[in-house]
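Hi,

Here is the structure I promised to pass on.

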Amino acid sequence: MTVTIPDTTANMDTAQSGQTEVARLSLAKAINAGLRQAMTRHPKTVIMGEDVGQLGGVFRVTDGLLDSFGPERVIDTPLAEAGIVGTAIGLAMRGYLPICEIQFDGFVYPALDQIVSQLAKLHSRSGGRLTLPVVIRVPYGGGIGAVEHHSESPEAVFAHTAGLRVVTPSTPQDGYWMIQQAVEATDPILFLEPKARYWDAADVRLGERDAALPLGKAAVVAPGRDITLVAYGPSVRVGLEAAELAGGEGVSVEVIDLRSVSPIDFDAIEESVRRTGRLVVVHEAPVFFGAGAEIAARISQRCFYNLEAPVLRVGGFHMPYPPARREADYLPDVDRVIGALAQALSY
Amino acid sequence: MVDMGGPQPVRTAGSVDVPETALQFLPPDGQVRSAGPYAPYVESLTADDLRSMYRDMVLTRKFDAEATALQRQGELGLWVPSIGQEAAQVGSAHGLKPQDFAFPGYRDHGVLASRGVDLVQTFAHTRGVDHGGWDPREHNCHLYTLVVGAQTLHATGYAIGVVKDHACATGDPTKDEAVIVYFGDGATSEGDLNEALVFAGVNQAPLVFFCQNNQYAISEPTSRQSRVPLFHRGAGFGIPSVQVDGNDVVACYAVTAAALDAARAGMGPTFIEAFTYRMGAHTTSDDPTRYRDSHDAESWKALDPIARLRLHLTLSDHADQNFFDEVDAEGAALATRAREAVRKLEAPPLDSFFDLAYNEPHPLVAEEHTEWTAFETARLELMGAGR
């Protein structure tokens with residue numbers, strides 16, 4: 001099935017588009033272009049991680065940056081995740097803007113103390129005297145046939161931690177803009193990159209940052225009337241595919257790309273659900289204690305009299321991420337999403 | 001560099017002798033002796049320097065004793081006594097220059113005193129009104145870190161930043177910067193410290209790793225942390241390492257000052273093990289009689305770092321009774337001020353903690369803050385009505 005990835009900024013003011021260069025970029029290349037912009041604009045940015053320099057990152061997201069900015073600013077670190085994040089904290093205390101790369105989702109846990117107990121809390125602990133503008137990029141999610149620990153979705157852990165922001169682009173355009181916004185934000189940010197979408201290409205408007213949605217805001221990526229579907233990261237494309245199929249059956253699905261898991265733009269979801277009366281949330285992470293659970297609770301509270309059906313969730317199961325040859329059964333696919341849409345519409 | 005040849009004897013609980021490998025310039029007899037590369041540092045110490053160190057050590061101990069009493073009286077939730085470790089903390093911190101940055105652990109009251117942090121500010125943390133207490137930038141002294149060893153990575157990153165800023169090895173020692181990080185014997189087992197040694201080593205960061213081996217990580221003797229003397233750890237990371245008598249303030253100063261000078265000059269990190277003894281409990285919640293030989297504690301009393309410096313000041317005519325009385329009076333005044341100040345420390349309203357969770361607005365925090373304010377207002381109204 002061919003799916004057009006909609007421009008998430010279609011509704012925004014494009015008055016300045018005359019100054020804008022448009023390029024067809026994959027998500028990986030778009031984030032690369034955004035990093036290049038951020039590095040150019042802010043001399044205190046440093047990229048640090050395993051294989052980010054000479055190799056350009058295992059997904060090539062930092063490709064070419066070593067040549068452009070030199071080893072002082074694009075740093076191949078020792079293989080130590082706590083060390084990467086912990087030293088980034090010290091660099092931030094000295095005025096640097098560190099952009100860390102954790103190579104894969106499953107490798108972020110060795111850094112958990114530094115992220116959760118140190119980085120997230122220092123602003124509060126110091127009475128606001130210290131700000132830690134650290135960005136931690138993590139390729140996440142499954143669907144690429146990887147070996148274990150290379151396909152996980154750890155966003156709930158970080159969203160559950162006050163002091164951290166958690167954002168995830170689903171399109172090249174958002175990848176380009178959001179990485180720049182993340183670098184300029186003053187709170188620590190987990191920047192989760194849906195690795196299964198790294199190779200998805202779309203037209204990206206370069207420059208023209210004023211047109212970007214603020215970090216933390218959700219985007220309606222397909223308008224609809226009958227039911228709301230909330231997804232983020234790798235699941236947005238699945239949601240759009242399901243919406244297209246459902247549209248063929250006469251069901252109008254409104255798809256919201258959440259873009260941010262902390263904060264969550266509940267206002268945007270509420271506005272949609274008040275119109276549709278039905279909500280399905282899709283993510284790859286296990287549904288148990290996942291973002292969908294929080295969305296279901298809050299939207300049930302906010303939209304109790306507007307809901308025609310319980311909020312349903314489609315996502316991973318309460319099991320370790322399965323081996324690659326079974327991941328297709330584990331990941332929320334179009335069929336499971338269609339099933340949930342049908343169930344929600346059956347009430 | 002240390003000699004790594006052959007298996008090392010395991011130090012067991014109850015073995016208290018300061019090892020012969022530890023550098024010592026002020027032995028318990030109170031007579032300063034120095035030789036070798038550290039002699040210039042020892043000889044540079046003036047009577048004023050030594051009196052200043054004595055003062056910081058006594059003030060730290062008086063404050064520490066008062067804080068322990070305040071915990072017993074319920075004014076503090078917890079206290080972490082520093083008694084016995086004043087020479088290690090004050091001696092090393094006196095090697096710092098104003099432009100340097102110190103990352104303490106959580107028992108390093110002597111470091112704070114030497115950096116000019118008002119010790120009373122530590123009460124915010126242990127009284128439970130704040131998780132910090134002082135401005136890290138005001139005295140270039142970071143907040144206490146309770147997760148053992150985590151601060152070693154922050155110090156390493158900061159020191160890597162010093163290199164990036166070309167703020168060391170400029171040839172101008174009045175401007176060159178160095179960093180010191182404090183931790184204990186227990187922290188040497190933590191992954192964070194070992195990663196910090198890797199990062200500092202490969203980056204030749206201007207950083208001094210200052211390990212206070214006070215013989216116990218709560219109840220566990222150093223033999224539960226290491227097969228080798230702790231200062232042997234540095235060698236595997238390519239970091240020059242030295243062991244010093246941690247109750248000898250002159251040696252702690254000289255060795256640290258030399259290491260900081262080397263760092264400022266661009267010669268990279270040093271690992272220092274200060275062999276000392278925790279004369280008190282781990283914290284006021286701890287009971288060392290369950291794991292420590294009382295004979296041990298008695299024999300370390302003879303090695304008291306403050307008594308040793310006082311003996312030296314007396315023997316060398318660097319100080320007289322008037323000076324000692326003045327310092328004691330200053331300590332008593334600090335204790336009185338601490339007692340008065342602690343009772344005035346009130347936790348700020350919860351509103352401020354909503355505000356501090358993030359630097360920029362976060363809608364969820366704002367929503368919860370609004371809900372809480374509404375609830376709190378209603379509760380207060382109800383309480384008013386009930387009256």
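Helix 1 and helix 7 of chain A cross in a right-handed sense. This is a predicted model, by the way. The two helices, residues 27–41 and residues 172–184 of chain A, pack at an angle of about 30 degrees, and their axes are 7 Å apart. Angles under 35 degrees count as roughly parallel, so helix 1 and helix 7 of chain A are roughly parallel to each other.

Who meets whom there? On the helix 1 side of chain A you'll find A:L27, A:A30, A:I31, A:A33, A:G34, A:L35, A:Q37 and A:A38, and they meet A:P172, A:Q173, A:G175, A:Y176, A:W177, A:I179, A:Q180 and A:V183 in helix 7 of chain A. The residues of this contact split into 11 nonpolar, 5 polar and no charged.

Next, the core. The largest nonpolar core has 202 residues, and A:V280 and B:I272 touch the most other members. Helix 8 of chain B gives the most to this core, with 11 residues. Beyond its neighbours within four places in sequence, A:V280 is in contact with A:I227, A:L229, A:L312, A:V314, A:V337, A:A340, A:L341 and A:A344.

One more residue to look at is B:T256, which sits in helix 8 of chain B (residues 249–264). Is B:T256 buried or exposed? B:T256 is buried, because 27 other C-beta atoms lie within 10 Å. Not counting residues up to four places away in sequence, B:T256 touches B:G91, B:S92, B:G95, B:V208, B:F210 and B:I272.

Cheers

Note on methods. Residues are numbered from 1 along each chain as its sequence is written. Chains are lettered from A and ligands numbered from 1 in the order in which they are written. This is a predicted model: local features need pLDDT of at least 70, side-chain atom pairs count only at pLDDT 80 or more; totals for chains, interfaces and linings use all residues. Helices (H or I, at least four residues) and strands (E, at least two) are DSSP runs, numbered from the N terminus. A residue is buried if 20 or more other C-beta atoms lie within 10 Å of its own, exposed if 12 or fewer, and partly exposed in between; C-beta atoms are placed from the backbone. Two residues are in contact if their C-beta atoms, placed from the backbone, lie within 7 Å. A nonpolar core is a set of buried Ala, Val, Leu, Ile, Met, Phe, Trp, Tyr and Cys residues joined through C-beta atoms within 7 Å. Axes are lines fitted to C-alpha atoms, for helices over the stretch in contact, and angles run from 0 to 180 degrees between N-to-C directions. Angles under 35 degrees count as roughly parallel, over 145 as roughly antiparallel, 65 to 115 as roughly perpendicular and the rest as oblique. A crossing is left-handed if the near helix is turned anticlockwise from the far one by less than a right angle, and right-handed if clockwise. Ala, Val, Leu, Ile, Met, Phe, Trp, Tyr, Cys and Pro count as nonpolar, Asp, Glu, Lys and Arg as charged, and the others, Gly among them, as polar.
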